[in-house]
Amino acid sequence: MDFKLTEEHIMIRDAARDFAKTELLPGVIERDEKQEFPKELVKKMGDLGFLGMMASPEYGGGGMDTISYILVMEELSKIDASASVMVSVNNSLVCWGLDTYGSEEQKKKYLSKLTTGEKLGAFCLSEPEAGSDATSQRTTAIDKGDHYVLNGTKNWITNGSSADYYLVIAQTDREKKHKGINAFILEKGVEGFEIGPKEQKMGIRGSDTHSLNFNDVKVPKENRIGEDGFGFKFAMKTLSGGRIGIAAQALGIASGAYELALDYSKQRKAFGTEICNHQAIAFKLADMYTSIEASRHMVMRAAWDKDQGQNYDLTGAMAKVYASKTAMDVTTEAVQVHGGNGYVKEYHVERLMRDAKITQIYEGTSEIQKIVISRGILRD
């Protein structure tokens with residue numbers, strides 16, 4: 001086992017760390033309050049290559065490995081999880097999905113613009129009655145010969161109003177159940193496509209989250225991804241990799257909260273000494289650090305499996321369920337270490353605590369991850 005990062009990994013990590021501190025940190029509290037994320041920062045992330053890291057260089061991607069990607073995700077998430085979830089969706093779900101399963105024409109037309117940040121992508125699977133149960137798609141895509149007609153609603157879509165291209169999962173033949181589901185590329189602005197109001201969220205408030213409505217939307221046949229009936233498999237394969245990205249996001253949120261708590265404990269005094277010298281606080285820090293390191297190894301293992309071409313369903317699920325729990329535990333303790341100041345926005349930990357919760361929900365809830373894990377170990 002080699003736990004050392006390559007020089008390239010370190011360079012990429014440091015670039016992300018510098019961007020997070022110099023570009024994301026200023027204004028992060030205001031963005032959270034206003035539920036806004038400025039387009040100029042998205043463009044800067046594209047210019048740095050953060051939006052198409054794993055995609056083929058042929059289509060403008062970075063051609064990097066998954067380890068590089070999770071290093072960037074962790075560093076961005078330490079400061080602003082709203083920024084990192086944009087990076088996660090565009091990389092893991094949209095660019096990777098198109099690069100792996102899209103046609104040559106689709107890659108040239110859409111992927112080459114997504115990898116550079118010229119355009120932004122969204123992944124549309126969840127519905128009001130089809131969250132964890134992704135097979136229960138109510139959105140329909142009726143085959144009309146040379147095109148499909150989409151009708152339905154998608155919920156909780158990251159980049160909902162700011163995306164240019166949408167990967168939409170819909171049911172074409174209900175009798176075939178999951179084998180009757182397809183995935184489509186939809187462009188913003190087509191007739192019948194409406195963007196609903198922005199969601200008022202507890203955390204990742206800078207992330208642009210909306211519901212989407214499709215009313216007799218025509219989608220050309222060439223915009224279907226893969227063969228007829230491939231949509232459910234496409235969604236599950238992309239989500240499996242997406243879980244690694246969200247696990248890295250959870251790791252970053254936990255790491256950011258821990259670093260703030262550690263620094264604060266060395267400055268804050270109580271009973272005549274810095275509070276880090278009190279065993280009650282020192283033990284909290286020890287538990288936080290241990291959980292973070294364990295999470296980091298699990299996330300790295302899942303990323304390594306993916307890079308080696310091995311099955312990463314199990315390790316990805318384990319990484320996400322463990323790292324997301326770590327994020328909740330560590331951010332809660334970070335607030336506690338800060339005492340009353342932890343409840344105040346200017347110390348940042350309360351925002352990280354609010355951001356942490358979603359990592360246990362999206363891209364497969366913790367309960368869904370445990371189904372994946374239990375099936376994996378029982379199958380063996």
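Is Asp143 buried, partly exposed or exposed? At 38% relative accessibility, Asp143 counts as partly exposed; the class covers values between buried, under 20% relative accessible area, and exposed, over 50%, computed with a 1.4 Å probe on protein chains only. The structure is a predicted model, in which local features need pLDDT of at least 70 and side-chain atom pairs count only at pLDDT 80 or more, while totals for chains, interfaces and linings use all residues. Residues are numbered from 1 along each chain as its sequence is written, and side-chain values use heavy atoms, with hydrogens and water left out.

**View 1. A salt bridge joins Lys221 and Asp143.** A salt bridge is a side-chain nitrogen of Lys or Arg within 4 Å of a carboxyl oxygen of Asp or Glu. Here the N to O distance is 2.8 Å. Lys221 sits in the loop between strand E7 (209-220) and helix H7 (231-267), Asp143 belongs to strand E2 (residues 140-143), and the two are 78 residues apart. Helices (H or I, at least four residues) and strands (E, at least two) are DSSP runs, numbered from the N terminus. Lys221 is partly exposed, with a relative accessible area of 24%.

**View 2. Asp80 forms a salt bridge with Arg31.** The closest N and O atoms of this pair are 2.9 Å apart. Asp80 has 4% relative accessibility and counts as buried. Arg31, at 9%, is buried too. Side chains of opposite charge can pair when their charged atoms come close.

**View 3. Glu74 and Arg296 form a salt bridge.** Their closest N and O atoms are 2.5 Å apart. Glu74 is part of helix H4 and Arg296 of helix H8 (residues 279-307), so this pair ties together parts that are 222 residues apart in sequence. Both residues are buried. A search of the whole structure finds 19 salt bridges. Elsewhere, Arg17, Glu75, Lys78 and Glu259 are linked in a network of salt bridges.

**View 4. Helices H4 and H5 come within 7 Å of each other, axis to axis.** The axes cross at roughly 155°; they are lines fitted to C-alpha atoms, for helices over the stretch in contact, and angles run from 0 to 180 degrees between N-to-C directions. H4 and H5 are therefore roughly antiparallel, the term for angles over 145 degrees. On the H4 side the contact is made by Tyr69, Met73, Leu76, Ser77 and Ile79, and on the H5 side by Ala81, Ser84, Val87, Ser88, Asn91 and Ser92. Contact means heavy atoms within 4.5 Å. Six of these residues are nonpolar, five are polar and none is charged. In this count Ala, Val, Leu, Ile, Met, Phe, Trp, Tyr, Cys and Pro are nonpolar, Asp, Glu, Lys and Arg are charged, and the others, Gly among them, are polar.

**View 5. The largest nonpolar core holds 62 residues.** A nonpolar core is a set of buried Ala, Val, Leu, Ile, Met, Phe, Trp, Tyr and Cys residues joined through side-chain atoms within 4.5 Å. Leu24, Phe37, Met45, Ile70 and Leu76 touch the most other members. Among the elements that give two or more residues to this core are helix H1 (7-24), helix H3 (39-47) and helix H10 (349-357). H7 supplies the largest share, 12 residues. Not counting residues up to four places away in sequence, Met45 touches Phe19, Phe37, Phe50, Leu51, Leu76, Ala83 and Val87. A second, separate core of 24 residues includes Tyr59, Phe232, Phe234 and Ala235.

**View 6. Ala261 lies in helix H7.** Ala261 has 0% relative accessibility and counts as buried. Leaving aside neighbours within four places in sequence, Ala261 is in contact with Leu285, Met288, Ala334, Val337 and His338. The C-alpha atoms of Ala261 and Gly245, 16 residues apart along the chain, are separated by 24 Å.

**View 7. Gln35 has a positive phi, near 55°, and is not a glycine.** Most residues other than glycine have a negative phi. Gln35 is placed in the loop between H2 and H3, and at 5% relative accessibility it counts as buried. Lys177 also has a positive phi, about 55°. Lys177 is found in the loop between strand E4 (165-171) and strand E5 (181-187), and is exposed, with a relative accessible area of 61%.

Technical notes. Angles under 35 degrees count as roughly parallel, over 145 as roughly antiparallel, 65 to 115 as roughly perpendicular and the rest as oblique.
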